[in-house]
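Trainee: I would like to go through this structure with you, one question at a time.
Mentor: Go ahead.

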Amino acid sequence: MILLYHLVFPDDTPTDAWNAGGILRLSAFERQLSWLNRRFPIISLDDYIENLSKDQSNKNKYSAITFDDGYRNVIDLVSPFLIKQRFPATFFVTTSHLEDECLLWFVYINALCSDGPYSLLEVAGDTLPLDHPKNRKKTYQTLINMARQSGDPKGFVLELSRCYPLPDGVKNMYEGPTRDQFLAFRNSNLLTLGGHTHSHPYLDQISMADQAFEIRQNKAILEELTQKSVGYFAYTGGIYTGITINVVKQAGFEAALAVRPKDLGDNNLFELPRTDIYSPSMIKFGLKVRGGAGLIEKIVRRKQ
Ligand SMILES: [Zn+2]
C-alpha cells in the first residue's frame, strides 16, 4: 500500500492543540513507520510501481511513503528519521509560493483556524467562532466548503486574508519548501519530489487549459530546481476527472496517485490508491493498513 501523510508536528505540540485532520506528532509517526516496515517493507515509489506493474499482488507485500503539499517544517522534521532508517519517501509539492510567497489557499484556512489570533470571523454575513477547538474545527470545515462552493478558492481566500491577515510567526509554521530545501533534493536518492500542481486548485473546477498550466508549470519548476525528472503526480484533494488523467499523461508523468480511485481510465497506474493517515493511534493505523477499517465500518453499519 501507499501511505499518505500531510502534517507531522514536533513532540512538544500541546495535547489540546487542534489542527485540520488531527495532531500526529513525530514520535507517533516514527512508531507507525517502524511497525509498517517490519510487516510491509518500505520501498521507494519507483520500486513499488515497478513491482506493481509486474504483479498486482505486490501491493499487499510492500509499502511506499508519500507526503502531500510539502510544508517546509514537515520536511525538516521527518527527513532525519527517514534518512537514518533508510526509508524512501516522496513529497508531492506545490510551487506557487516561490513566486507569490503566499500560503496555499486551504493552508491559510487551516493556519487561520488552528493558530490564528482571531476569536471570531465575519464572513459573508455569517459569524464564525474560533474560541474553542470544536468551533475551530467547525469553522475550518465551513470555510473549506465556502471556498469550494465559490468556484474560485484562491480568490475567496485572497479576500479573506485581506480582512484577517496572519502574523508572520503563524505564517512561518505553514510555509512551503524554501528554494534551498528544493535544491537539497538534487543530492538525495532516498527522498524525492512529485508533482502536485502549481497552486493546488480543485482540478474539476478549472478548464483543461488551466489544468495543463497548473500541472506542467509545477513539473517544470521542480525539474529545473532538482535537475531530475519528476515522474509521479498526486491529484490535489484526491479530486480529478477523465480530462485530468489525460492532461497528466500528456504532461509526461509515468503514474498518478489518487486517494480513492474512481476507475475512470483504462490504466490503473494513473489512479493508484493511497491510505491517508491523520491519527497517531496505532490501532487505527494497523486497521487502516491492513484494510480492516472498511470492514469494521461495514459491521457497525450492519448492527445499526
Ligand atoms: Zn494537497
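**Domains, strands and a zinc site**

Mentor: The protein is divided into domain 1 (2-100 + 180-299) and domain 2 (105-173). Keep in mind that this is a predicted model.

Trainee: What distance separates the centres of domain 1 and domain 2?

Mentor: The centres are taken over C-alpha atoms. On that basis, the separation between domain 1 and domain 2 is 25 Å. The contact takes 15 residues from domain 1 and 18 residues from domain 2.

Trainee: How much area is buried between the two domains, and which three residues of domain 1 supply more of its share than any other three?

Mentor: The area buried between domain 1 and domain 2 is about 1400 Å². Carbon and sulfur atoms give 53% of it. Of the area that domain 1 buries against domain 2, 46% is supplied by W18, Y202 and Q205.

Trainee: Which residues are the protein donors of the zinc ion?

Mentor: The donor residues are spaced D-x126-H-x3-H in sequence. H196 and H200 are both buried. The donor atoms lie 2.0 to 2.2 Å from the zinc ion and belong to D69 (OD), H196 (NE2) and H200 (NE2).

Trainee: Which residues of strand β1 are buried on each side?

Mentor: In a regular strand, side chains alternate between the two faces of the sheet. Strand β1 (residues 2-5) is covered on both faces. The buried residues are I2 and L4 on one side, and L3 and Y5 on the other.

Trainee: Is Q32 buried or exposed, and what is its relative accessible area?

Mentor: Q32 is found in helix α1 (residues 26-39). Leaving aside neighbours within four places in sequence, its contacts include Y5, L24, I277 and F285. Buried means under 20% relative accessible area. Q32 therefore counts as buried, with a value of 0%.

Definitions and conventions
Residues are numbered from 1 along each chain as its sequence is written. This is a predicted model: local features need pLDDT of at least 70, side-chain atom pairs count only at pLDDT 80 or more; totals for chains, interfaces and linings use all residues. Side-chain values use heavy atoms; hydrogens and water are left out. Donors are N, O and S atoms within 2.8 Å of the metal (3.2 Å for Na, K and Ca); water is not among the atoms, so sites may look incomplete. Buried means under 20% relative accessible area, exposed over 50%, partly exposed in between (1.4 Å probe, protein chains only). Helices (H or I, at least four residues) and strands (E, at least two) are DSSP runs, numbered from the N terminus. Domain bounds come from an automatic or database domain assignment. Contact means heavy atoms within 4.5 Å. Buried area is the accessible area (1.4 Å probe) that two parts lose on being put together, summed over both.
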